[in-house]
Amino acid sequence: MARKKRTEPIVTGRRQVRPDAPAHVKGVREGNATGNYEGQQGHLPDGRSTAARSTGINAADRDAIDPDMPNLSPA
Amino acid sequence: MTARSVQAQETRELVEMSWDPITRIIGNLGIYTKIDFKNREVVECKSTSSLFRGYSVFMKGKDPRDSHFITSRICGICGDNHAVCSIYAQNMAYRIKPPPLADWIMNLGEAAEYMFDHTLFQDNLVFVDYCEQMVKETNPSLLRRAETTQAPRGDVHGYRTIADIMRAFNPFVGDMYREALQVSRVTREMCCLMEGRHVHPSTLYPGGVGTVATPQLFTDYLVRLIRVLDFVKKAVPMNDDVFDFFYEALPGYEEVGRRRVMLGCWGAFQDPAVVDYDYRHMDEWGRAMFVTPGIVLDGELRTTNLVDINLGIRILLGSSFYDDWVSEERFVERDPLGNPVDQRHPWNQTTLPKPQKRDLDGGNYSWVMSPRWFDDRTGDHLALDTGGGPLARLWTTALAGLVDTGPVRATGRSVEINLPKSAAFPEMRLEWQVPRWANTIERNRARMYFVAYAAAIAFHFVEQALTEVRAGRTKVFTDFDVPEEAIGCGFHEAVRGVLSHHMVIRDGKIANYHPYPPTPWNASPRDVYGTPGPYEDAVQGMHIFEENGPENFKGIDIMRTVRSFDPCLPCGVHMYLGDGKVLRQVHSPTLGMSAGG
């Protein structure tokens, strides 16, 4: 079956603000906003992290082999 | 440019000499003096800056989260100090505390910055004034004596005579001059490891850092730090030998650049175990800093309380190209502790530039304002200086006696610095003693000791940071929301001294922002009460030791004094017009004035 042809390489929604609007305009997402930490992969609530912060491929296999070891994923 | 004219005043014959711009500093500084060559004395001195920056004007209305990126651009050599100071102010305004590892990483980056900048300035710029070539031109008899004077610490640094040390500092060819360039490269790399980039950091933010803390990061830092130790262990005794020789060979040299001990230090290196960036506890976490904030007055510690320091800051006019802001808006009536905040405090300042022609005879002559510290015990507006940075930092830390880590210990009258073993030297203990004077030599001597201080304390920071990493606590950032209304202030030490950033946020935007770096304090002109600024004060009344007469006068003692403060008025041009002939005098007004100004 032939694939449906796309006109844009990446489909995005309608923009809500002008790209050059200053970041403090209401409604613009802020990377620093509270709640973002919890939404990040591999960052644990107690301040530790797992290999999932560094890779999305078989992350659990890259975690420390001993639970007593610190989990130090690569940069 | 050196300019000169002769005038008879009262019974003394005064020669007007000026250096504008002064080279081998950062920025655009002019020193205008009247010299009595018969009595070998500088009778009057005025310091001017012909540069207007206007950060406080254009920061208004911007997103407060951008402020550390923007204010970093104030300086091309200590921009990261501005970024860090702005982040401290933002942390306070957003009411957040970064994770401990983030504070250790920032401390490590700043320690590297002090090592870099002090080394570059001391060995590549300041020591040109003390090198063999310069001393040969200004004080030939002193050089003859240096040739035959044994260096007391020669067994450590390997130079037999004082003249040998002076030769090592000759620009472009001297060993120390060239080694210092290498060291400043390595220390800059250390700063980049922690802050992403030098001199405008890319991984420092309010709430923490973007640096990914891995064991490799700290190992990379540590190997460089140990490499630098060899240089530090050699440089400190070399500096001591040269400066002690100046005191010994030129009796009275302690009076050069001497002024009343009025030093200010706003503290550096936060202790994450104590700091919460809350103004209400600023007294407590200020004192926990690894360089103690404080004001030293006539050799006594006046205060170490950052709240007192903050409330005492007054920005005066008197000889500056600005209109007064007394009738302008008052942004902060009271601080979060309920103390009243003065209209002349940076939180309430409104910058109203008024370009005009420079008038050195009783008029306005500088773009620099006159920051002063109001002493409520005496009612004086004190023209504090920073002693070039290190002198005030070491002096307050020594007297306060609060810092006590393994590598660094303040004793109440000195600072002990313990450096571990390195490739060429065994363990070494250095001790900086509180000097008898705040003068040119002591400002310069303290600088190299502070490089050692920063290197030693960096070992403590690496240890603490690695403890966090080994425990798996890798978090380096905390989330925050920008409040609609808030105030914040940051206190830090730029390399050359006190640095404060004051910010007011309204409607989520910057309503008022005032950075106060060290040079406005040091290079300030006469204020409204007629009090001269520190450069003026230090040079005025100074005895001249240079052997040259008026015809080929270099003003070396004046230059040594001004440079001892590590002036930084971004950014200047370098030129020298031979034997002091004025080729053409041009006054170029700025900021929309017509050309006739």
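These are my notebook entries on two chains of a predicted model.

I number residues from 1 along each chain as its sequence is written, and chains are lettered from A, ligands numbered from 1, in the order in which they are written. The model is predicted, so I kept local features only at pLDDT of at least 70 and side-chain atom pairs only at pLDDT 80 or more, while totals for chains, interfaces and linings use all residues.

**Chain A.** I looked for secondary structure and found zero helices and zero strands in chain A. Helices (H or I, at least four residues) and strands (E, at least two) are DSSP runs, numbered from the N terminus. Next I checked burial: 4% of the 75 residues of chain A count as buried. Buried means 20 or more other C-beta atoms within 10 Å of the residue's own, with C-beta atoms placed from the backbone.

**Chain B, helices 3 and 4.** I looked up helix 3 (residues 79–94) and helix 4 (residues 100–126) of chain B; they pack at about 150°, axes 10 Å apart. Axes are lines fitted to C-alpha atoms, for helices over the stretch in contact, and angles run from 0 to 180 degrees between N-to-C directions. Helix 3 and helix 4 of chain B are therefore roughly antiparallel (angles over 145 degrees). Contact means C-beta atoms, placed from the backbone, within 7 Å.

**Chain B, helices 4 and 9.** Helix 4 of chain B also packs with helix 9 (residues 175–195) of chain B, at about 160° with axes 8 Å apart. This pair in chain B, helix 4 and helix 9, is therefore roughly antiparallel too. Among the contact residues I listed L108(B) and F116(B) of helix 4 of chain B, and L181(B) and M190(B) of helix 9 of chain B.

**Chain B, sheet.** I then traced an open three-stranded sheet in chain B, order 14-15-16, with antiparallel pairing. Strands pair if DSSP finds at least two bridges between them. Strand 14 (408–410) and strand 16 (428–433) of chain B are at the edges with a single partner strand each, so one side of each has no neighbour in the sheet. The twist averages 15° from one strand to the next. Strand 14 of chain B pairs with strand 15 (residues 414–419) of chain B over three bridges, in the antiparallel sense. I found A410(B) bridged to V415(B) in strand 15 of chain B. Helix 13 (residues 390–400) of chain B lies across strands 14, 15 and 16 of chain B, at about 100° to strand 15.

Key:
Two residues are in contact if their C-beta atoms, placed from the backbone, lie within 7 Å. A residue is buried if 20 or more other C-beta atoms lie within 10 Å of its own, exposed if 12 or fewer, and partly exposed in between; C-beta atoms are placed from the backbone. Angles under 35 degrees count as roughly parallel, over 145 as roughly antiparallel, 65 to 115 as roughly perpendicular and the rest as oblique.
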